[in-house]
Structure formats: C-alpha cells, structure tokens
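Here are a few notes to read alongside the model. Have a look at it first, then go through the points in order.

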Amino acid sequence: LDTLEKWVTEIFSEIPNNGLPKPSFGHLTQPFDTPEFHKLYRVVPIRKVHSLSITWALPPQEQYYRVKPLHYISWLVGHEGKGSVLSFLRKKFWALALYGGNGETGFEQNSTYSIFSISVTLTDEGYKHFYEVAHVVFQYLKMLQKRGPEKRIWEEIQKIEANEFHYQEQTDPVDYVESLCENMQLFQKEDFLTGDQLLFEYKPEV
C-alpha cells in the first residue's frame with residue numbers, strides 16, 4: 001500500500017484542481033419529448049433474426065440507486081417461470097428469449113433520463129404476430145402496475161443480489177479500479193463498493 005500510495009502521489013498530485021463544480025444536466029429531463037419517438041420502426045437485420053424491441057425514456061432514476069426500481073421491474077419482466085411473459089409466448093411458439101431492463105451505463109442511465117427496454121427474440125411465427133407479442137408485453141406491465149410492488153419479491157431480489165455480491169469471482173484489478181472511480185461519481189461515499197450491485201431500501205412509492 002505504501003508503494004501504491006507513493007505512485008499515485010507522484011503521478012496525480014500535479015494535476016491542477018480548477019475548483020469548478022461537477023457539471024449537471026438535471027434540468028434537461030425531457031430529451032425525447034417528441035412524437036417522433038411514439039412510432040414503430042422496422043429495421044432489416046444483417047443476420048437472420050427477428051427481434052422486437054420496445055423502449056421507454058423515463059425520468060432519471062440514478063438517484064434511486066438504493067431502491068433500484070428498474071431492477072425490480074426488469075426482474076419480473078425477464079422472469080421465465082410459470083405465469084411469465086416468456087412462458088406464455090413460448091407456449092404459442094412466438095418467442096425464443098426475452099430481455100428487459102436498464103444497462104446502468106452512462107448512455108442508458110444518467111442525470112437527464114433513464115432508458116428501459118424490453119427485447120423479444122421472435123420465431124418466424126412470432127414475427128407474423130409481433131403486434132400480439134407487443135400487446136402481451138403491455139398487458140403484463142399493466143398488470144404489474146395494477147398490483148403494485150410487493151415487498152416479498154423485492155426482498156427475494158435483494159437476497160439473491162447479496163449472495164452474488166459476496167460470492168463473486170475476483171475481477172481484474174484495473175477493471176475494478178475503473179468501476180470504483182465511476183461509482184465515486186454516482187454514489188454516496190459509504191456505497192462506493194456496493195451501490196451498483198446491492199439493494200438497500202424498499203420504497204414502494206418509488
């Protein structure tokens with residue numbers, strides 16, 4: 001540690017501090033407020049695959065990192081067991097896979113907006129019925145909206161994420177340092193190590 005501290009001091013101490021506050025773009029909270037985004041776009045793929053992607057631009061969610069509301073929703077949307085969207089679509093031979101969530105990268109989650117996407121890999125038959133597939137997805141989200149959040153489910157996700165955190169494999173030190181530096185821009189000091197992985201607070205209103 002003494003050697004590392006010496007290196008860091010030698011390399012970084014000469015970088016001047018301009019004393020300026022961290023830039024904020026929080027006032028730009030409607031980046032996609034345009035009818036152009038309320039449309040269906042058909043794109044011809046390079047490889048032979050049918051994929052239906054539905055994307056929402058939401059208000060910024062990074063402030064709720066201790067609650068992780070998008071993680072809760074994506075957990076339910078991406079569930080593959082009985083009663084799930086994917087289970088229903090597979091029974092109809094319309095879909096092969098389904099992914100939902102937010103990548104938590106700067107592009108998908110920042111002080112301006114948060115992106116939430118659901119992507120369904122369709123079969124040839126599913127492609128013929130993609131309107132019905134989209135309808136099923138929206139029906140499921142409507143059901144979640146009506147039922148509201150459930151603490152039991154949130155606590156289950158919390159336990160699973162905690163187990164994954166405690167038993168994760170050691171990462172490359174350079175990648176780990178880079179990740180921590182990013183976390184220092186986003187989270188409170190006590191959450192630098194855990195803020196991007198653990199769920200801390202259950203707040204159903206969020």
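1. Where does UniProt place the feature "domain: Peptidase M16 middle/third"? The unreviewed entry puts it at residues 165-205. Keep in mind that what you're looking at is a predicted model.

2. What does the chain do over that stretch? Residues 165-205 are 39% helix and 0% strand.

3. The largest pocket comes out at a volume of about 1200 Å³. It is lined by 33 residues, and Lys 39, Leu 40, Tyr 41, Ser 53 and Ile 54 are the closest to its centre.

4. Which element gives the largest share of that lining? That would be β1, with 9 residues. At least two residues each come from β1 (50-58), β3 (114-122) and α5 (130-147). By class, the lining of the largest pocket splits into 23 nonpolar, 7 polar and 3 charged residues.

5. The second largest pocket has a volume of about 1100 Å³. Its lining takes in 36 residues, and the closest to the centre are Tyr 72, Ile 73, Leu 76, Leu 144 and Gln 145.

6. Look at who builds this second lining: β1, α2 (69-77), α5 and α6 (151-166) each give two or more residues. The most come from α5, which supplies 8. Sorted by class, the second largest pocket is lined by 22 nonpolar, 6 polar and 8 charged residues.

How values were computed
Residues numbered from 1 in each chain as written. Predicted model: local features only at pLDDT ≥ 70, side-chain atom pairs only at ≥ 80, totals over all residues. Heavy atoms only, no water. UniProt positions renumbered as here; feature names shortened; annotations may be inferred. Helix = DSSP H or I, 4+ residues; strand = E, 2+ residues; numbered from the N terminus. 1 Å grid on protein atoms, 1.4 Å probe; cavity = no way out; pocket = protein on both sides within 12 Å on 5 of 7 lines; lining within 4 Å. Points joined across faces, edges and corners; volume = space filled by probe spheres on them. Nonpolar A, V, L, I, M, F, W, Y, C, P; charged D, E, K, R; others polar.
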